Amino acid sequence: LEGVALPPNSLLSSTLPVGSQTDGTMHPSPNLQQTPKDFRQPLPALPVQQKPQRPRLSVGKILLFILVLLLAMASSSGLTYYATVIRPAQLLQAQTTSTAQTRQARATAQANATTTVLQDIYIRAASGKPVLQSSLSTNDQYNWLEYDSKDFGSCTFKGSTYHATTSLGSPYDFCAPIVPNLSFSNFAFQAEMTIIRGDLGGLVFRVSYKGSYSFFIGRDGSYVFTVTNAVGDQTTLLNSFSSIIKTGLNQTNLITVVARGSNFYLYVNKLYIARLSDSTSSSGLIGVAAQNGKHPTEVAFRNAQVW
């Protein structure tokens, strides 16, 4: 462009800076502002955001957490053990106890019902007018046996009672009414008895050539039921104790036997104590007796009755 005159207002002239020469040399204008700083200069670094630090747990807190965790696990295990072992066992025990109580209640009810029935047997059997009734204060129309022997004992009336006495040589003494054809099969036979000295006293019945039975009570509260066969061999069918029996000497007990076929029901003081069965003898005489165990025995009887 050297040597070329630019027309005024041309585009090129308008783009040249003020104060420039046409010789191609650029001279800064005194009014030209300083060139701005290079935009490529690095920008200041932004502050780095640090990650929030988690609070550190102390050793005590860690141990406490472990303890709570263990307690929770133990509690869970305990609940599981309770639910699966202890509680079912408790329920089973409760059910077993309830069942046992129910069975016991039924057994008690049945026993009470049975006792009531057996007690009713006595009430029915010992009611009405007796076919034999003797006060035994003195001898009467039944002609009770009387004798007195140092070797064989005695059957005597004294003190308004009938006494059966054993001796050392004869441990058993039987005292009976001597009346022809006086035989009993099904009956209730009872008498009041008092042991004056010695051991046992009671009733003898169904005495025949086939055998006999005896029901004795002792001063120690014992009772015994025996059967004697045709050749004289004696067998004890029942031997026990009862709180119903008044113990000691000079104590009066009302003793009763009810015979129905081969069944026998035993009562003392109008209360049932036992029952048993035997068919050795079906009928025979009745009487009272004394028996010693270790000592000579004397027993007083009164108010004998048979229904």
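A salt bridge is taken here as a side-chain nitrogen of Lys or Arg within 4 Å of a carboxyl oxygen of Asp or Glu, and the structure, a predicted model, holds three such salt bridges.

**View 1. Glu298 and its salt bridge to Lys158.** The closest N and O atoms of Glu298 and Lys158 are 3.0 Å apart. This pair links distant parts of the chain, with Glu298 placed in strand β15 (residues 298–306) and Lys158 in strand β3 (residues 153–158), 140 residues apart. Glu298 counts as buried because its relative accessibility, 8%, falls under the 20% limit, whereas Lys158, with a relative accessible area of 42%, is partly exposed.

**View 2. Glu298 and its salt bridge to Arg197.** Glu298 also pairs with Arg197, and here the closest N and O atoms lie 3.2 Å apart. Again the pair links distant parts of the chain, since Glu298 belongs to strand β15 and Arg197 to strand β6, 101 residues apart. Arg197 has a relative accessibility of 36% and therefore counts as partly exposed. Taken together, Lys158, Arg197 and Glu298 are linked in a network of salt bridges.

**View 3. The salt bridge between Glu192 and Arg302.** In this pair the closest N and O atoms are 2.9 Å apart. Arg302 counts as partly exposed, its relative accessibility being 38%.

**View 4. The largest cavity and its lining.** A search of the whole structure finds one cavity of 30 Å³ or more, and about 40 Å³ of space lies in the largest cavity. The residues that line the largest cavity are Met193, Ile195, Ile217, Gly218, Arg219, Ile245, Lys246, Gly248, Gln251 and Asn253. The elements giving two or more residues to this lining are β6 (187–197) and β8 (211–218). By class, the lining is made up of four nonpolar, four polar and two charged residues.

View 5. Ile62 counts as partly exposed because its relative accessibility is 37%, a value that is over the 30% required of patch residues.

Conventions. Residues numbered from 1 in each chain as written. Predicted model: local features only at pLDDT ≥ 70, side-chain atom pairs only at ≥ 80, totals over all residues. Heavy atoms only, no water. Buried < 20%, exposed > 50% of the residue type's maximum accessible area, 1.4 Å probe, protein only. 1 Å grid on protein atoms, 1.4 Å probe; cavity = no way out; pocket = protein on both sides within 12 Å on 5 of 7 lines; lining within 4 Å. Points joined across faces, edges and corners; volume = space filled by probe spheres on them. Helix = DSSP H or I, 4+ residues; strand = E, 2+ residues; numbered from the N terminus. Nonpolar A, V, L, I, M, F, W, Y, C, P; charged D, E, K, R; others polar.
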